[in-house]
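Dear colleague,

I am handing over the structure we spoke about, and below it you will find an account of what came out of looking at how its parts meet. Please keep it open while you read.

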Amino acid sequence: APSSGHGAKAVWAIKLAIGSTALISMTIFWDAYKNWDLITNDTPASHFQAWVIISFHLTTTQSTEGTVKKGLLRLLATLSAGLSAFLCIAACNGNPYGTVAWLTLTTPIPIYLATERGFAARVGLSKDYGYLYQCFVFTQAIIVMYYRDEEGTTRNELVLNRIVANCIGITMAILMSLIPLNVWGGDPRIALNIVQIQKEALAKILHVLKECGADSLETNQSNEEYINLVAEAESSKEASSTPLFVEANDLLADSCKFSKFPLFRADPKLNAELGVLSIYDSAITTLADSAKRIISKDEAKDFFGPGMPLHNDLLTLLEAIEKDEYDISRDEENDTAKKYDLIGPPLVIEYVHFVVKKLFQHEDNLLNIKYGYGQLPQKNHTEVNSLLDSDLGTPLL
């Protein structure tokens, strides 16, 4: 099934491995870096290296926008928490009561700032900017408690070590995310693939109705076989589009964090388009059920067979999907389905006209959504095999 691109995902994994390897190699082969360490009793001894790697992996997310924004939030949190921890150590001078009082007073403030107003406050910290304050709380606590537990560690080297190690890990994560190929959360190409899958599913269903309507005594295919073909078309759509919806929404949600940051913003229209496409996904499922009922009632020949009232409408829809162009300004007065009571097959064919028209409109909307560094997606020019002259013994698409 089409997705955001296995190539980009593979490059994402390779960049993660390269970043990790580079940071570890620095601690092994770069003496000046390796020796700038804390004297501890822990095993392994170097907390400097551990903070670098942890920071790198916790900053890296599934999208380029998300990694950059999370890195900036973590950077702000690390600098402010380092300063607060430095002041705590200096002011309390090892006094446990003073330390507890400092942490008690400074923890509720960021938690309050990280909590959304209204009902959202009941379900956790803000998904938009809550990580900033969450990171502040645990970074400050780690530095302060580590200073109390480790004898021989000076205040200055501990705070500086923690800040510099985090900054190096954050910087590496951001640099790796910006190196092409990128996985952009605001990329509309996954949604465009969903549209393509939906159009192909509609074409398969219409093709079955066409073949069922033209069925002769020589062909002698049972209605059950045609119903199974419609079911296969619908289940294939579900199997292909469902994971793409999950992937697209997950990447978009990640890219939308820290929404007030002026750069690397995902177009809000993409979220709206994904919502609409999910509705049409359900609509196609309903159309598939309607097509099964038409076939089971032997109504296909009476409406979709050669010379029958809706035959030309069906061919027009198949041709529109095959040629990947739909006449949005279609003259409804010449619409054959409109000349009948909109029940049964005429209602179904009119509904298909509506869904196909909307899919082409939303495809145009998606093609105008910018992502990444301001680029526009290219239309998917995947060739669709001819559905007008094929028979059910060959692949439909």
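The contact of helix 9 with helix 11 brings together A191, I194, V195, Q198, A201, L202, I205, V208, L209 and C212 from helix 9 and L270, L274, L277, Y280, D281, I284, L287, A288, A291, I294 and I295 from helix 11. Sorted by class, the residues of this contact are 19 nonpolar, 1 polar and 1 charged. Please bear in mind throughout that this is a predicted model. Helix 9 spans residues 189–213 and helix 11 spans residues 268–296, and the two pack at an angle of about 15° with their axes 10 Å apart. Because angles under 35 degrees count as roughly parallel, helix 9 and helix 11 are roughly parallel to each other. The crossing in which helix 9 passes helix 11 is left-handed.

A second pair is formed by helix 4 and helix 7, which pack at an angle of about 35°, with 8 Å between their axes. Here helix 4 passes helix 7 in a right-handed crossing. On the side of helix 4 the contact is made by residues including K70, L73, R74, L76 and A77, and on the side of helix 7 by residues including Y131, L132, C135, F136 and F138. The contact of helix 4 with helix 7 has 15 nonpolar, 5 polar and 2 charged residues.

Both of these helices return when one turns to helix 5 (residues 96–106), in which T99, L103 and T106 are buried. These three residues cover an arc of only 75° around the axis, and so they lie on the same side of helix 5. What covers them includes helix 4 (64–92), helix 6 (108–113) and helix 7 (130–149). On the other side of helix 5, by contrast, Y97, V100 and L105 are exposed.

Finally, is L23 buried or exposed? L23, which lies in helix 1 (residues 6–29), has a relative accessible area of 1%, and because buried means under 20%, L23 is buried. Its contacts, leaving aside neighbours within four places in sequence, are with V52, I53, F56, I168, G169 and M172. One of these, I168, is 145 residues from L23 along the chain, yet the C-alpha atoms of L23 and I168 are separated by 8.7 Å.

Note on methods. Residues are numbered from 1 along each chain as its sequence is written. This is a predicted model: local features need pLDDT of at least 70, side-chain atom pairs count only at pLDDT 80 or more; totals for chains, interfaces and linings use all residues. Side-chain values use heavy atoms; hydrogens and water are left out. Axes are lines fitted to C-alpha atoms, for helices over the stretch in contact, and angles run from 0 to 180 degrees between N-to-C directions. Helices (H or I, at least four residues) and strands (E, at least two) are DSSP runs, numbered from the N terminus. Angles under 35 degrees count as roughly parallel, over 145 as roughly antiparallel, 65 to 115 as roughly perpendicular and the rest as oblique. A crossing is left-handed if the near helix is turned anticlockwise from the far one by less than a right angle, and right-handed if clockwise. Contact means heavy atoms within 4.5 Å. Ala, Val, Leu, Ile, Met, Phe, Trp, Tyr, Cys and Pro count as nonpolar, Asp, Glu, Lys and Arg as charged, and the others, Gly among them, as polar. Buried means under 20% relative accessible area, exposed over 50%, partly exposed in between (1.4 Å probe, protein chains only). The arc is that of the directions from the helix axis to the C-beta atoms.
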